Amino acid sequence: MTPPVSAFSELLLVVSYMVGKDRIIFATKEDHETPSSAELVADDPDDPYEEQGLILPNGDINWNCPCLGGMASGPCGEQFKSAFSCFHYSTEEIKGSDCVDQFRAMQECMQKYPDLYPQEDENEEKEKSSKDLEATPMEASAAKEEKGSS
Amino acid sequence: QINPKLVSTHLSPTQKIQKDKAFQPDLEILQCHHLRCPSRSLTSSGVPGKAGSNLLLYLIVGGTVTGTGAYYVYRTLKENKERFTSRVTTITTRSQEKELSPSAPGARPEVPSHVPFLLIGGGTAAFAAARSIRARDPGARVLIVSEDPALPYMRPPLSKELWFSDDPNVTETLRFKQWNGKERSIYFQPPSFYVPVRDLPFVENGGVAVLCGKKVVHMDVRGNIVKLSDGTQISYDKCLIATGGSPRNLPAIERAGKDVQQRLTLFRKIEDFKSLEKISREVKSITIIGGGFLGSELACALGRRARTRGLEVIQLFPENGNMGKVLPEYLSNWTTEKVRREGVNVMPNAVVKSVSVCGNRLMIKLKDGRKVETDHIVAAVGLEPNVELAKSAGLEVDSDFGGFRVNAELQARSNIWVAGDAACFYDIKLGRRRVEHHDHAVVSGRLAGENMTGAAKPYWHQSMFWSDLGPNVGYEAIGLVDSSLPTVGVFAKATAKDTPKSATEQSGTGIRSESETEAEASEVHISPSFSPMPQVPKQGEDYGKGVIFYLRDKVVVGIVLWNIFNRMPIARKIIKDGEEHDDLNEVAKLFNIHEE
């Protein structure tokens, strides 16, 4: 049986084995709570190779951000980009208030593809895990019926 | 009982806000912090209907401005923006022209004779590239030509989640439950996402079209034109080869004749899943040959059925233990015991000599004289990259790793890129390699799409991979994870709270990274005296959770996160740094292995 921690706190050590070329270390929580002496290289925020987030360093929108999913590439991609760009560069007091037309065009487009852009109402948005966000090719209508019951 | 662990994820704080808004990627999951790139690559898809206000909120909260751009970055992006605006102008003009065009739908050829972007292969890499091209090039017209009859889909659930589904119709629906309880299809997008092939040159804002069930058999690189199996010719401006690979077979089985072949599954595609699922309900014994990712995952999946239905599941392979080429020996042995506990009869050190039909069953003879009687064989013995086009295209095939040889920017020749399983590429940090994992297909596909639209970026963002062996063992990994390299493994003793299953159960449907689960202090392994002589670990040593570093000289080139999750960013950072480290226990501290 392993002895209790407190009795041996002065002797807390990292236990290390070698099995052939492989080293195995069992480290205690206490050992790992001491600060690490490992050094990490400072990141360059302007590194052109790095994956970018939603907004690029120069302020533009990164349409290829994985966070956007299929929004910028699907059938309503152009409407989406247009609406979003308008909003992003809008300098109105109520930002995006000059972009109503673009957002309407985007909505109209999305309504044509209900299984890509499901039309949810406020009540459904509050339900957590019973939503079916995407219909399969085979059962687009069946999935919608099942939405509430899954 | 669905194993919610099977898909791990983490979302940034801003993602929490729109968790319910379904504004989520179809290919990847976000990771923490600055909405950077993914860890695990499975998540729900689809977009909110009330996009307007949700998206406004998202952008307001989710935007990250990371300082002033360097001249290079600024210039590139300025060019992108100019190209963007000029393309938008072109589209507007073109749509006006369309009204005057006499090209009636009825007169359109079934397959366009020319496409700007041609993607050969209809899997994950091709889909990721298509999305990337469309995101960066407004109005782009992308044609995917796929030998497979199915639309692009993701493979990992075929050997994992789909087997654990409660739905009796899962072989038809091909839907599975993710970590967060939300269901999704294995298909990246439903059919309505795609443009009909004949309409691709004419549709107003471009799109992605998929030509299914057709194979590209010849490639003329000088003329930028390909030929399909039915003789159709398509010319292109830019081309991506994402042909993936085909499952290898054992020579012993290939020699064995048709009677044996009929009782064999080479597992790769949807139809293989359907067929094996059916077989697993009909036979008494299935033998999986192969001890790597696919073989072990299938063994565990079938092992689950073994217990409920009395199916015998055998797994045999030449190595000493499961994942023998990936995990250091002590961990491979430990993993093997876990697989056995999933109901699998694991036979390591087994080399197949011959296979024959015996009565109505199969008889596998091993080189050491052992015999295995079974009803059906699943061979999971590796993937042969599909490089048939190399000959006609005059493209180089790599002799060490297989696959098309491409540079760091995934380019084979002018106007030709290769991504996914078939690409043997130069990794600036880790050297030339070829990677057969899902996330790599996503990352390389996206990069190829960026470079096909002018980005000229090298492979830089390291892809990751993961595997699960039942509900109690799961790991994520990154870089060169090769068991022949020296390794340093740092472990904490696992408590019951540390398994993936319990982590998600405790937090309900919550995201594990957000889990409020209190980290209990792990039991401490202490030896009262520290012996300078290294000792062999005791029998039954518990490698519950930890981090394993794979080293080339003193540089960490690969990392396995063993039963700890949401630490991929730090792992990626350490590999990117490429620094020499003297004490890897100090590096391990950065991973917080004792906490959840």
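Predicted model: local features only at pLDDT ≥ 70, side-chain atom pairs only at ≥ 80, totals over all residues.

Biologist: What does UniProt list for chain A?
Modeller: An unreviewed UniProt entry gives "domain: CHCH" at residues 76–112 of chain A. Over that stretch the chain is 68% helix and 0% strand.

Biologist: What share of contacts joins residues at least 24 apart in sequence?
Modeller: In chain B it is 67% of the contacts between residues at least 6 apart. In chain A, counting contacts with a separation of 6 or more, residues 24 or more positions apart account for 26%.

Biologist: Which feature does UniProt place in chain B?
Modeller: The UniProt record, again an unreviewed entry, places "domain: FAD/NAD(P)-binding" at residues 119–444 of chain B. That stretch is 25% helix and 30% strand, with its end C-alpha atoms 13 Å apart.

Biologist: Let us turn to helix packing. How are two packed helices described?
Modeller: They are described by the angle between their axes and the distance between the axes. In chain B, helix α4 (residues 124–136) and helix α12 (residues 438–452) pack at an angle of about 35°, and their axes are 7 Å apart.

Biologist: Is that crossing left-handed or right-handed?
Modeller: The crossing of α4(B) and α12(B) is right-handed.

Biologist: Which residues meet there?
Modeller: From α4(B), the residues include A125(B), A128(B) and I133(B). On the side of α12(B), they include A441(B), V442(B) and G445(B). By class, this contact has seven nonpolar, five polar and four charged residues.

Biologist: What about α14(B), is it covered or open?
Modeller: Helix α14 (residues 568–577) of chain B is mostly covered, with nine of its ten residues buried. Among the buried ones are I570(B), I574(B) and I575(B), and also R572(B), K573(B) and D577(B).

Biologist: What do they pack against?
Modeller: The buried residues of α14(B) pack against β24, β25, β28 and α15 of chain B. Just after the helix, G578(B) takes a positive phi of about 65°.

Biologist: Now the cores. How many residues has the largest one?
Modeller: The largest nonpolar core has 168 residues. M219(B), I559(B), W562(B) and F591(B) have the most contacts inside it. Another core, of 18 residues, lies apart from it and includes A252(B) and I289(B). In general, nonpolar side chains tend to be buried together in soluble globular proteins.

Biologist: What does M219(B) touch?
Modeller: Leaving out residues up to four places away in sequence, M219(B) touches, among others, I120(B), Y236(B), L389(B) and I416(B).

Biologist: Next, where is V344(B) found?
Modeller: V344(B) is in strand β13 (residues 344–347) of chain B. It counts as buried because its relative accessibility is 4%. Beyond four places in sequence, the residues V344(B) touches include A299(B), V313(B) and V339(B).

Biologist: And where is T336(B)?
Modeller: T336(B) is in helix α10 (residues 329–341) of chain B. Its relative accessibility is 3%, so T336(B) counts as buried. Apart from neighbours within four places, it is in contact with G321(B), N322(B) and V346(B).

Biologist: Where in the chain are they?
Modeller: L174(B) is in the loop between α5 and β3 of chain B, and A456(B) is in the loop between α12 and β24.

Biologist: Is L174(B) buried or exposed?
Modeller: L174(B) counts as buried, at 1% relative accessibility. A456(B), by contrast, is partly exposed, with a relative accessible area of 39%.

Definitions and conventions
Residues numbered from 1 in each chain as written. Chains lettered and ligands numbered in written order. Heavy atoms only, no water. Axes fitted to C-alpha atoms, helices over the stretch in contact; angles between N-to-C directions. Helix = DSSP H or I, 4+ residues; strand = E, 2+ residues; numbered from the N terminus. Left-handed = near helix turned anticlockwise from the far one by under 90°. Contact = heavy atoms within 4.5 Å. Nonpolar A, V, L, I, M, F, W, Y, C, P; charged D, E, K, R; others polar. Core = buried A, V, L, I, M, F, W, Y, C linked by side-chain atoms within 4.5 Å. Buried < 20%, exposed > 50% of the residue type's maximum accessible area, 1.4 Å probe, protein only. UniProt positions renumbered as here; feature names shortened; annotations may be inferred.
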